[in-house]
Amino acid sequence: MKKFIKNNKWLLLFSIVFYITIFYCCLNTFIISDDLHYSFYLHNGERITNIFQIIKNQIYDYSHYNARLVVHFIVQFLLIWGKKLWYILNPLVILIGLYYFAKIIQLKTQKKVNIVFYMIASAICFLLLYERRSLIYWVAGSVNYTWVFTVLIIYLYYYLTGKLENKTILNMAFILFFSSLHECTMVMMVIFVLGNIILKCIKDKKLNKKILLYLIPLFIGILFTILSPGNQYRQGLNVEWNSLSLIEKIMKSLPVVSYNLFKLDYIYCLFPILYITSIIINLFKNKNIKSKICILIILINAILCLLIKNNWLYVLLAVVLFIVTLIQFIKEKDYKMLILLIMFYANGFFIILTPEYLYGRVNYHTHLFMGLYAFISFYNIDSFDNIIKCLSTIFVFILLLIEVNVYHEIGSVIDDRMQAVMRVQNKETNILEVKQLDYKYCMFHIDCNSPDSEDYWAYNYYLKYYNLDNNTKVKVVK
């Protein structure tokens, strides 16, 4: 143990600092949105208190809401204790995910660099997810995206190392798990399985019948998700969307989805800039005319996106960046990373076929892949190795300080709100004054100033959760 601590002292120190920071930030959040109605048995009864209620609840949800049985089972289990258990586990799950994220960067750079620097790189990627901050500090959101990403990145690490080759049963189990877990992971598994079947056929120069076994769990997972009565019901609610033809849907949604993924005019969306910068760096290494032309095309396209407010330019940018990265992996014969590229692109764009195309939550996964690609590229620059390590270290601690400051401010507002709740519970007043959170912090917490009126979808759940009388009036105050 002493030897392990000595050999990994910097990694352990950074991990402790990171865990404490995220733990503190989690403490400064409150129950809201989906966390409210998932706290109640069948969304209408009493507070959930045991696993049997959760199982019955998820069977009900499969028929009425969606097919995310595993993730929402975890959500409801955590909510038995409000946010108390989640406070402890959320930072830990995030830390584990970042470790394997760092291990992939280390694997693809193959340098004798202390793992702590790769951990710093993965932490930077996580801390730059400003657009998705509300997901990370929200029980339902964190389990659906952050926790799912952790399990996925662990699996992908062992896949990239080659340690999962010839482990057919284990791979089938994971494919079934991911394809039935979530719509995002289902789409990614389709690309993952088909890509690996094609790759195996090319390498063996024949059809390997054994690998076709992976189609069985994939097909079962797809059917489980698609045939969910709850999913079908939700898709059928949007009459206007369902009246459009396939071409009309794509023409309407593709520019919006492309913009949401690559919006260069939004200061809090930095992953596309990291991605573009790293692609240009890789092109510079080639030192040929074709690479220079590609750089010019990318830069012109990016500038036009900023100057001309036409989202079809973002579609073009997405295609150009995809093709350039695709060619790079083909030239390097890094076919596993090529499959991951297509996987994460598919994750970002599959929603063009759904009425959810306006929302960018699925970009959580795709943006992290952009960050992964970027830091692999940065750490492969030999001439700037020490500079990148130094800047990364300074930058990550700046980001951690920003994180603490933001959630300290949110926490002070929450303390005021809980005092207001207690006044209503004690019958001192029947008006619950919810202190308003400053607009600049709103992206860091889901529904941060709700319920602002009885029109808020979870208004009644909010009153019920805090044992407030139905006649209680909620008023947002500055």
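Exposed means over 50% relative accessible area, and buried means under 20%. These legends describe close-up views of a predicted model.

**View 1. Lys333 sits in the loop between helix H18 and helix H19.** H18 covers 312–331 and H19 covers 335–349. Lys333 has a relative accessible area of 62%. The cut-off for exposed is over 50%, so Lys333 counts as exposed. Its backbone deserves a look too. Phi of Lys333 is near 55°. That value is positive, and Lys333 is a residue other than glycine.

**View 2. Asn467 has a positive phi although it is not a glycine.** The angle is about 55°. Asn467 is found in the loop between H22 and strand S2. S2 covers 473–477. Is Asn467 buried or exposed? Asn467 is exposed because its relative accessible area is 65%, and exposed starts over 50%.

**View 3. Ser450 and Pro451 are joined by a cis peptide bond.** Omega of this bond is about 0°. Where does Pro451 lie? Pro451 is in the loop between strand S1 and helix H22. S1 covers 431–435, and H22 covers 459–465.

**View 4. S1, H22 and S2 make a β-α-β unit.** The unit is right-handed. How do S1 and S2 run? They run parallel, and 5 bridges join S1 to S2. Lys435 has Val477 of S2 as its bridge partner. S1 also has two faces. Leu432 and Val434 form the covered face. Ile431, Glu433 and Lys435 form the uncovered face. Pro451 lies in the loop between S1 and H22. Asn467 lies in the loop between H22 and S2.

**View 5. Phe30 is a buried residue in a loop.** The loop runs between helix H2 (9–27) and helix H3 (34–37). Phe30 has a relative accessible area of 10%. Buried means under 20%, so Phe30 counts as buried. Which residues does Phe30 contact, leaving aside its neighbours within four places in sequence? They are Lys83, Ile414, Arg417, His445, Asp447 and Cys448. Ile414 is 384 residues from Phe30 along the chain. Yet the C-alpha atoms of Phe30 and Ile414 are separated by 7.1 Å.

**View 6. Ser291 is buried in helix H17.** H17 consists of residues 289–307. The relative accessibility of Ser291 is 4%. The limit for buried is under 20%, which means that Ser291 counts as buried. What does Ser291 contact, leaving aside its neighbours within four places in sequence? It is in contact with Leu283 and Asn286.

**View 7. The largest cavity has a volume of about 70 Å³.** Rolling a probe the size of a water molecule over the atoms shows where empty space is left. A search of the whole structure finds 3 cavities of 30 Å³ or more. The lining of the largest cavity includes Ile94, Phe126, Phe149 and Tyr364. Which elements give two or more residues to this lining? They are helix H6 (84–109), helix H9 (139–161) and helix H20 (363–379). H6 gives the largest share, 4 residues. By type, the lining of the largest cavity has 7 nonpolar residues, 3 polar and no charged.

**View 8. The second largest cavity has a volume of about 50 Å³.** Among the residues that line it are Leu128, Tyr130, Tyr268, Phe271 and His367. Glu131 and Arg132 also belong to the lining of the second largest cavity. By type, this lining divides into 7 nonpolar, 1 polar and 2 charged residues.

**View 9. The largest pocket holds about 1600 Å³ of space.** How many residues line the largest pocket? There are 48. The closest to its centre are Arg68, Glu183, Arg234, Gln235 and Glu356. Several elements give two or more residues to the lining, including H3, H9, helix H11 (183–204) and helix H15 (246–262). Which element gives the most? H13 does, with 5 residues. The lining of the largest pocket divides into 24 nonpolar, 15 polar and 9 charged residues.

Conventions:
Residues numbered from 1 in each chain as written. Predicted model: local features only at pLDDT ≥ 70, side-chain atom pairs only at ≥ 80, totals over all residues. Heavy atoms only, no water. Buried < 20%, exposed > 50% of the residue type's maximum accessible area, 1.4 Å probe, protein only. Pairing = 2+ DSSP bridges. Right-handed = clockwise from strand over helix to strand, strands pointing away. Contact = heavy atoms within 4.5 Å. 1 Å grid on protein atoms, 1.4 Å probe; cavity = no way out; pocket = protein on both sides within 12 Å on 5 of 7 lines; lining within 4 Å. Points joined across faces, edges and corners; volume = space filled by probe spheres on them. Nonpolar A, V, L, I, M, F, W, Y, C, P; charged D, E, K, R; others polar.
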